[in-house]
Every structure is written in C-alpha cells, then in structure tokens.
Amino acid sequence: MTDQTALIPNPVAQAADRTNARKVFIKTYGCQMNVYDSVRMGDALASEGYVTTDTAEDADLVLLNTCHIREKAADKVYSALGRLRDMKKERNAEGRELMIGVTGCVAQAEGEEILRRSSAVDVVIGPQTYHRLPQALKRARQGERVVDTDYAVEDKFEHLPVPDKKVIRSRGVTSFLTVQEGCDKFCTFCVVPYTRGSEVSRPLAQILDEANKLVDAGVREITLLGQNVNAWHGTGLDGSSWGLGDLLYRLAEIPGLARLRYTTSHPRDMDDRLIEAHRDLRALMPYLHLPVQAGSDRVLKAMNRRHTAEEYVRLIERIRAARPDIALSGDFIVGFPGETDAEFEDTLKLVETVRYAQSFSFKYSTRPGTPGAELGSQVAEEVKAERLERLQALLLKQQHEFAESCVGKVIDILLEKPGRMPEQLIGRSPWLQSVNVDAKSSQIGDIISVRIVGTGPNSLFAERIER
Ligand code: 5AD
Ligand code: SF4
C-alpha cells in the first residue's frame, strides 16, 4: 500500500458539536487501508456516543492508527506518544480524562512493548480487532491497560455499524471500501504478512451491501482496497469462483456508481479477466497502481517478487493494449541488501521503458522479523540516498511529462470539493489528478466535461466545456 495520507483530509473529522459528548481524535498514519480503518473505528465509537474532532487538544480519547512499513513510520508513533504523555499529565492535573490508544500495524507488531515504552497508553488494538475497541475502552476506564492483538475469529466487518446516509454523505462523494486484507506473498522486505496476517477476502454479499449503501448515500466513486487487492476472490452470484475482475463487472452495474478504482495490486495477480475489465468497463478508471519495486532480476528474486523485469514489462504491454489511455503508478525500493550500481541502473532502465504517471519511491528500511533483515550486505545510507535522488528525479520528470501530455485534452472530471477561489471547484481526472475549474451552477458530485488548459505543481487547470 502507498502512503498517500498527505493527499487525504482526515475523513473522520466531522464538526463535533454535541457539547457533552465524548470526543475522539483519530490520527491516521500510512496507507489508504488505515484511512478506511480510521473511518470504521470512528463509526464503532459513534455508536458508543463519541463524536469525532480534528485536534488532540479537544479530545477525550486520542487514537493513533499506526503504520509499521518503514522504520521512520514506526518512529513517528513513539514521538507522538511522548507529546501525548505530557498532554495527559496536564489534563490529569486538571482532573480531566485523556485516554490514549494505539491501533493499526505498530500495535499488531509491538503489542505489550508499547505499554512498556509508553506509560501513557491505555489500549493497544490490532487491525483485526478494532470492532472490540468499545469494550477495550470500558475495561481501560476501570483501570486495566488492554492489549488486544489477536487475529479475531469473528469477522470484524460483521460487528461494525454502518453509519446513516447523512454521515456517509458528509464524508464526500468518493469512498474507500476494503475488500481484502492481509498478504501471502512474503516479499522479503515487507512486514505486512506479519502485521496484517494472511490473505482474507470479504464475501461478495458484504461488499455489494456496503457499496449499495455508499451509493444510496450519494457516493459516486468507490476505490476498492486491499494489501493485495487483485488477489480478492469469492463465490459469485452464479456459484462460480470469482476474482477481482468479476467483482468489478458486478459493481459497475450499480446505478449511480460512476467510477471504480482499486489499489494495491501485485503483478502476479493481474489475471486476464481483470485486464478485460479495463478494456470493457467505462466506470473502471484508466489508472493502475502496480508496484514493481526494482528492475534487476537478481534483486526481484531476492525480494521474492516472483516475476522478472521482462515479465512485468510484457504485462504492462498487455494492459496497455486493452486500455491504451491507462496511466501507471508504481512503488520502488532502492538499496535492497546487495543491490549493486548496475542493478540500480536496471531499475532506471525499467522506469524509462514503462513511463510512469505517478510513483512512490523509498530507501530500503530494515524491518525486524523479515528475511531481508537477516541479509548481510546492507547498502550504505549515502548510497541509498544518492540512488533515491536519481530515481526520484526521473520519476518526477515522467510525472510532469504525463501532466503536460494532458494539456488540450477534453476529459470528464468528478467534482469533489470547493476550490480556493469562489466558484472554483476541484475535481478528479480519470488519472487521479486534481483539476481546478470554474464551475458555476455545478455541484460537488457532478461529472462535467472540461478542457485541460495548464498544469500546476500538483494539479491541472481546466475550463468547462459543454458537450
Ligand atoms: N523498506 C522500504 N520500503 C518498503 N516498502 C515496503 N516495505 C519496505 C521496506 N522495508 C514499500 C514498498 C511497498 C510500499 C507500500 O512500501 O515499495 O510497495
Ligand atoms: Fe508486502 Fe509484498 Fe505483500 Fe505487497 S505483496 S503487502 S510488498 S509482502
């Protein structure tokens, strides 16, 4: 999954005006799956009378929904806990409550250790058990320090309340929907199979029910989420075995659901049906996040990616043949143990061949417990930094070239939120770019035709056209 929280406003922060209600502030770190989980935890707490707030200062309960993917991500949690400990002391001195919970992947990976390292923490809840948060808080209020990081036998989704239409609508016209969790791929650098457990697909009926409720409430675009979303499988309406492609065909039939996306995918699970869905479904946006991580076959093998660079490039060719306007996005790691200069050059070559519209690239970060951490030959920090700089320069150039190639095109955008200027709205292009447009008489949720007239650092500018 990809860290895009910088792009996503805190979705659980809705104006909290019920003065006597308890208030919760949920801080989300990491990937979109955590963003979705934060929303659902907010829902679970709402049914206990909590309202959400967007500052810790205003909250009676602070939850840090954490990410463990790289060392830096995990470190952020402990520095935030240091600040919260001081805040809690001040509060307690005034005779007021401040409860602190750690949820998500650091909670799963470190469990009890968090209580040892931070005296301020009241509850530690893993990603599989957040439906039990209300009970854990009750126990904590009686003085217990609770750690619940089991892989729950019950299905958390069955136990989570779905909010009413007004609440869903207040969150906007786009929504995430988790369809799959966990990962069985065991890439040798990655903690996900340990923190999120093995692959589990949500049943079709549950997904359709949630999608229908979202659309009924006014959602126009749904992004299906999973650590390995294209490994989703289930039993179809006809009793046969379905994959993600089949699911997308079915979801595309929901009236009013204009746009579908999914993330994150593994190259090994891009099957023919999914590629056909890109060819056939107008609702399926022409954008694909398909991480490759590295361009050298030796490194790919050491990472246990289970495909070669050539196989990845062939796969991209097939996807582009099915949907020529598809924009590609990728994740990359530089400085995997043993990566030589020549092997790094192979990553640059692969990037030149594929041409990415968007990307996320990282220095390899040693994660305790993963096979990568056991390898000798760790690459020096300065070498990683220098490689990352070169890779990012190339990827950024490609991103700008892609944006420039959009100028002059007439496209449909989904209007998502107000812009900075009066009468300006911000929409989303099929390729996930933000588009600024003057759109008098249009409303958020409308899909309008625009001509792209220019590019900014992180967005496009457009003028409205009638067609
Ligand atoms: N070090 C650096 N990057 C990592 N990622 C996953 N694990 C690590 C690690 N140990 C990156 C991968 C993945 C993205 C979500 O995070 O590129 O696709
Ligand atoms: Fe991690 Fe690899 Fe699974 Fe992605 S496919 S979550 S990188 S183990």
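Domain bounds come from an automatic or database domain assignment. This is a predicted model, in which local features need pLDDT of at least 70 and side-chain atom pairs count only at pLDDT 80 or more, while totals for chains, interfaces and linings use all residues. Residues are numbered from 1 along each chain as its sequence is written, chains are lettered from A and ligands numbered from 1 in the order in which they are written, and side-chain values use heavy atoms, with hydrogens and water left out.

**View 1. The domains of the protein chain.** Domain 1 covers 4-148, domain 2 covers 156-327 + 338-351, and domain 3 covers 410-464. Between the C-alpha centres of domain 2 and domain 3 the distance is 26 Å. Each of these two domains gives 13 residues to the contact (heavy atoms within 4.5 Å).

**View 2. The interface of domain 2 and domain 3.** The two domains bury about 990 Å² between them, with 62% of it on carbon and sulfur atoms. Buried area is the accessible area (1.4 Å probe) that two parts lose on being put together, summed over both. On the domain 2 side, Val173, Arg220 and Arg259 supply 45% of the area buried against domain 3, more than any other three residues. The side of domain 2 that touches domain 3 has six nonpolar, one polar and six charged residues. Here Ala, Val, Leu, Ile, Met, Phe, Trp, Tyr, Cys and Pro count as nonpolar, Asp, Glu, Lys and Arg as charged, and the others, Gly among them, as polar.

**View 3. The shell around ligand 2.** Residues with a heavy atom within 4 Å count as near the ligand. Among them are Cys183, Cys187, Cys190, His266 and Arg305. By class, the shell has seven nonpolar, two polar and two charged residues.

**View 4. The salt bridge of Arg196 and Glu181.** The closest N and O atoms of this pair are 3.2 Å apart. A salt bridge is a side-chain nitrogen of Lys or Arg within 4 Å of a carboxyl oxygen of Asp or Glu. Arg196 sits in the loop between helix H8 (192-195) and strand S9 (200-201), and Glu181 in strand S8 (residues 180-181), 15 residues apart. Helices (H or I, at least four residues) and strands (E, at least two) are DSSP runs, numbered from the N terminus.

**View 5. The cis peptide bond of Thr263 and Thr264.** Omega of this bond is about 5°. Thr264 belongs to the loop between strand S13 (259-263) and helix H11 (272-280).
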